[in-house]
Amino acid sequence: MSVRLVVKNSLPASASPFRLLDDRGCEVAWANQFLDAQQVRQLSLRSLRAYAYDLLHLARWFETTHHSLGKLTQPLLLDYVRHQLDEQPLPTPQTINHRLCVLRCLYRFHYAQEIPGKPLFQHRYTTRSSLGWGRRQTKITTNLRLRQPRRVIVPLSADQVARFWKGFRTFRDLAMVALMLQNGLRSCEVLQLQLEDLLLSEARLHVLGKGRKQRFLPLTVDTLQVLENYLHLERPLTNSSALFVSLKGRQRGRPMTAASLRSLFRHHRRVSQVLQANPHRFRHYSASRTITESLKTFRV
């Protein structure tokens, strides 16, 4: 397809670095204007990237079918879903629903109204207060949305965690895994940590989480000791402000990337034969362990 996605880091801070270009190198105005608006809203780069890929898929469909955003209707929206269901490999329902959500936001951004046409689907559901009191209320939604299967993520067992943990040989790797296991940090939160976020004297950590929400987390004695050993014995002399940096190779002293963290986990999954180990399961393990300990305390 002629439409492509490029990254331009030289643009002003108010403009999205992700840009859609056509075959002549000109910008796809309707898509980039929407991305710039999300940049002004201070969305994270990961969210902008996801929006950009959704718009890229939509722009290529427009180009293939000779449709445009201004001619979009509810029946045409259904055709867009059928097109995705005929693709190989088949996208997941979560992916299709996310693309539909972005498309509706895009249309409202440009035309200040919902996509015209009679809604083809209606779905009734009941809801009630989050506190569980009051009568259930019936609500109706008319948005086209695919049914998503509910996934149950089973946390790792203590034996699996011990086997996976045994293969680590550096304090840096132990510290990163400890923060995921003990404090429930996401992998992206671990990589974003800065030296100034680590408050050793107070035994706590400042974390900038999802949605730019800030929180302070206490550090256990074991995690604190591992972090101190990493800083004093392993961390190379570097001008980088990132807490976790590469220890060797051409990238020595530079901040760790998501690719290097994935490579680290792939290696240790192969060595330990704990194939289910990944940062997200560590987060679930942390949550289940915290709940279990809380229930024990409550019973006592």
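In helix H2, Ala50, Tyr51, Asp54, Leu55, His57 and Leu58 meet His98, Arg99, Val102, Leu103 and Leu106 of H4, where contact means heavy atoms within 4.5 Å. The model is predicted: local features need pLDDT of at least 70 and side-chain atom pairs count only at pLDDT 80 or more, while totals for chains, interfaces and linings use all residues. Residues are numbered from 1 along each chain as its sequence is written, and side-chain values use heavy atoms, with hydrogens and water left out.

**Helix packing**

- H2 and H4 pack at an angle of about 85°, with their axes 10 Å apart; axes are lines fitted to C-alpha atoms, for helices over the stretch in contact, and angles run from 0 to 180 degrees between N-to-C directions.
- H2 is therefore roughly perpendicular to H4, a term that covers angles of 65 to 115 degrees.
- The contact of H2 with H4 comprises 7 nonpolar, 2 polar and 2 charged residues; Ala, Val, Leu, Ile, Met, Phe, Trp, Tyr, Cys and Pro count as nonpolar, Asp, Glu, Lys and Arg as charged, and the others, Gly among them, as polar.
- Helix H1 (residues 29-40) packs against helix H4 (residues 93-111) at an angle of about 95°, with their axes 10 Å apart, so H1 is roughly perpendicular to H4.
- Trp30, Gln33, Phe34 and Ala37 of H1 make this contact with Val102, Cys105, Leu106, Phe109 and His110 of H4; by class it has 7 nonpolar, 2 polar and no charged residues.
- Helices (H or I, at least four residues) and strands (E, at least two) are DSSP runs, numbered from the N terminus.

**Aromatic pairs**

- The count comes to 9 aromatic pairs, for which rings of Phe, Tyr and Trp (its six-membered ring) must have centres within 6.5 Å.
- Phenylalanine 34 and tyrosine 51 form a stacked pair, 6.0 Å centre to centre with 15° between the planes; stacked denotes planes under 30 degrees apart.
- This pair links distant parts of the chain, with phenylalanine 34 in helix H1 and tyrosine 51 in helix H2, 17 residues apart.

**Backbone geometry**

- The peptide bond from glutamine 88 to proline 89 is cis, with omega near 0°; proline 89 is found in the loop between helix H3 (74-85) and H4.
- Glutamine 42, in the loop between H1 and H2, has a phi near 70°, a positive value in a residue other than glycine.
- Most residues other than glycine have a negative phi, and most peptide bonds are trans.

Conventions
Parallel < 35°, antiparallel > 145°, perpendicular 65-115°, else oblique. Phe/Tyr/Trp six-rings, centres within 6.5 Å; stacked < 30°, edge-to-face > 60°.
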